[in-house]
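Subject: Structure for you to look at

Hello,

Here is the structure I promised to pass on. Please open it beside this email and follow along.

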Number of protein chains: 2
Amino acid sequence: MLNFSLHNPTKIYFGKGEVKVLRDELRARAKKILIVTGSGSVKKNGIFDDVIEQVKNAGCEYVELTGIHPNPRLEEVSEGMKICRSENVDFILPVGGGSVIDAAKAIAVGAKYSGDVWDFFDGTMEPENAVPVGAVLTLSATGTEMNSNSVISKEDTKRKLALSTPLIQPVFSILDPVYTFTVNKFHTAAGVADIMAHVFEYYLNPLRDTEIQDTVAEALLKICIRFGKVVCMKPDDYNARANIMWASTLALNGTVGKGKISDWTCHAIEHEISAIYDISHGAGLAMILPGFMKVVLEKYGPEKFTAYGNNVWGIEGESTASESIDRTKKFFGSIELPTSLKESDISDEYFDLIANNVVQVRGKSDIFTQLNKQDILKVLHLS
Amino acid sequence: MLNFSLHNPTKIYFGKGEVKVLRDELRARAKKILIVTGSGSVKKNGIFDDVIEQVKNAGCEYVELTGIHPNPRLEEVSEGMKICRSENVDFILPVGGGSVIDAAKAIAVGAKYSGDVWDFFDGTMEPENAVPVGAVLTLSATGTEMNSNSVISKEDTKRKLALSTPLIQPVFSILDPVYTFTVNKFHTAAGVADIMAHVFEYYLNPLRDTEIQDTVAEALLKICIRFGKVVCMKPDDYNARANIMWASTLALNGTVGKGKISDWTCHAIEHEISAIYDISHGAGLAMILPGFMKVVLEKYGPEKFTAYGNNVWGIEGESTASESIDRTKKFFGSIELPTSLKESDISDEYFDLIANNVVQVRGKSDIFTQLNKQDILKVLHLS
């Protein structure tokens with residue numbers, strides 16, 4: 001096990017009706033709030049009204065930034081930064097899924113910086129200050145509700161990069177499984193694939209001596225498989241939504257990752273694809289993961305995949321390793337996610353560019369797979 | 001799943017040599033430190049010297065309170081409170097196991113209170129202020145390193161009670177598995193039993209719809225069983241010590257408990273026994289747990305025990321529920337813990353007093369088993 005530090009001060013409020021805590025949380029820390037939302041679904045399903053009621057109860061003023069896209073864009077972030085400055089915003093409250101929260105996090109550091117906020121994402125500068133952020137989550141997927149990460153896309157250069165700093169960690173996050181009832185089948189399924197991909201980015205690391213992290217990771221994968229189908233078939237099943245929602249948080253709040261080297265090559269490949277094609281992140285991961293697994297199996301041997309097959313899928317025998325990958329792909333198919341790039345009309349046109357960008361981005365951080373450009377091209381062709 | 005809030009701001013530094021972070025952590029927050037230790041083993045094995053080096057590097061002064069007993073006593077806490085006041089202590093640094101850290105936590109609230117600190121433990125008063133605490137852990141067991149609990153004994157009335165308040169949550173805890181290498185076989189084994197007992201206090205709850213908590217709980221139990229034997233046989237096995245150390249923290253930091261009703265009847269029984277006989281807490285739990293499980297099985301049916309047998313012990317068949325209890329008892333025996341009260345020379349002399357006290361203490365909090373006095377007497381006779 002590697003040495004690690006873990007500090008996760010986000011306060012979680014989990015369960016039906018927990019939006020009520022917003023009043024006291026906001027009253028204690030905010031005068032003027034920027035509320036960030038996405039395509040407008042929260043205004044149709046009543047969630048926005050619930051939030052506004054508490055904002056008013058707290059005696060806070062608010063301004064709005066709406067229309068954040070999936071794969072949130074730099075210009076949307078810039079718009080939010082301008083509002084923060086002109087309106088003297090002292091708290092940012094995203095109400096939405098991972099994209100809305102990630103945009104809010106980027107706005108939080110950008111609003112306190114006179115330069116280009118992209119500097120923080122491409123690593124040119126380190127942020128030093130941020131407007132505090134608290135979140136109301138409406139989609140189980142990215143885990144951003146309890147970590148210090150944000151991922152933003154830059155349209156003109158077709159890049160999608162991540163920033164990680166404690167400054168943007170939400171001070172609180174409200175997780176009400178009922179708020180995910182209206183998420184459609186496709187985005188629900190894509191969220192499940194995203195959660196599983198986060199676990200895999202740690203779990204597949206061939207580093208040994210991390211049995212506790214790996215056994216907990218297997219527990220989360222079992223929950224995703226068991227309840228992933230249920231949430232797609234019965235969108236208003238509270239228990240299934242609750243299990244998936246808490247899995248999304250535990251998958252990326254340090255519980256399964258601390259003490260291991262993570263990889264993020266699979267995420268990096270997907271980021272490059274969705275920067276070009278603007279596909280849903282979780283669906284992109286579902287397409288890439290089985291091909292990625294095959295290349296990792298070939299390079300690093302069957303040990304981890306055999307354990308995955310035994311402990312998560314309950315399969316035994318000589319072909320367990322490769323069968324565990326087939327089962328993963330079939331599972332994604334069973335919740336109606338695309339299982340090949342072709343299904344999403346993605347040809348090999350940009351494969352070379354994608355592979356180049358992945359190697360370049362990924363080179364900056366600790367990784368275990370050390371996939372080279374040829375390996376990444378192989379992943380893409382297998383997908 | 002029940003609604004819950006989770007806020008765990010303790011900063012964890014995990015791994016070999018992490019004591020080095022003490023310098024900056026102390027420099028940032030302390031001028032005069034009360035260092036709390038136990039029987040003196042940290043002065044023999046070099047851990048105390050490591051700590052003092054960093055205290056000096058931080059430029060802090062320090063005073064000492066030594067000799068904290070297992071099942072720490074109120075008079076030891078009072079002594080620490082006096083030192084804090086007379087020496088203007090602004091930070092408390094326990095270096096030891098759960099008893100030392102729990103004593104430090106009690107001192108932290110007591111030092112800021114003009115009345116009797118026991119008021120906080122018997123529920124007469126709520127603490128409002130505390131001296132900050134940071135911990136250097138040397139025994140994997142209680143989980144106190146990352147939670148807001150403290151348990152103290154009062155000798156004259158033979159009572160052992162718990163306090164829970166965010167005020168005493170350590171601001172940081174240093175977890176170096178090497179620091180547990182010198183723990184002897186008995187206390188190592190007792191620690192493993194304690195960790196497992198914490199998991200069971202949540203896991204055995206027959207409440208359904210908590211699959212994610214229960215699957216993660218099973219993961220921790222598997223780790224305890226797998227590495228519990230190793231740490232007893234090979235005390236300097238870093239990986240085994242690391243797995244057990246992180247399991248001790250995860251067992252009681254909210255990961256497996258939030259969203260469930262916990263019980264703590266088994267702990268309450270053990271507290272009453274060790275308040276009278278001053279036995280090791282973990283050993284007491286090992287003696288009580290199988291009997292407690294048998295009574296719970298009888299009252300609430302086999303469902304949870306069958307799942308436990310299937311998923312943790314890998315056993316199937318009609319008698320899985322009762323066999324899972326037998327396996328648990330055998331496991332405790334295999335790591336040379338006492339498996340009956342008789343082995344520790346505990347007769348039925350105080351059974352009636354113990355059962356009365358348990359019902360009285362336990363009545364204050366949410367519990368699932370609702371064991372009455374007769375049930376508790378049955379647990380005692382089965383143990």
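In this predicted model, helix α12 of chain A passes helix α13 of chain A in a left-handed crossing. Left-handed here means that the near helix is turned anticlockwise from the far one by less than a right angle; clockwise would be right-handed. Helices are DSSP runs of H or I with at least four residues, strands are runs of E with at least two, and both are numbered from the N terminus.

Find α12(A) at residues 303-313 and α13(A) at residues 320-334. Their axes come within 7 Å and cross at roughly 60°. Axes are lines fitted to C-alpha atoms, for helices over the stretch in contact, with angles from 0 to 180 degrees between N-to-C directions. The two helices are therefore oblique to each other. (Under 35 degrees is roughly parallel, over 145 roughly antiparallel, 65 to 115 roughly perpendicular, and the rest oblique.)

Which residues of α12(A) and α13(A) meet? From α12(A) they include F305(A), Y308(A) and W313(A); from α13(A), T320(A), I325(A) and R327(A) are among them. Contact means C-beta atoms, placed from the backbone, within 7 Å. The residues of this contact divide into five nonpolar, five polar and two charged. (Nonpolar: Ala, Val, Leu, Ile, Met, Phe, Trp, Tyr, Cys and Pro; charged: Asp, Glu, Lys and Arg; polar: the others, Gly among them.)

What joins β1(A) to β1(B)? Seven bridges do, and the strands run antiparallel. (Strands pair if DSSP finds at least two bridges between them.) S5(A) has Y13(B) as its bridge partner.

Two notes on reading this. Residues are numbered from 1 along each chain as its sequence is written, with chains lettered from A and ligands numbered from 1 in the order written. Local features need pLDDT of at least 70 and side-chain atom pairs count only at pLDDT 80 or more, while totals for chains, interfaces and linings use all residues.

Best wishes

Note on methods. Contact = placed C-beta atoms within 7 Å.
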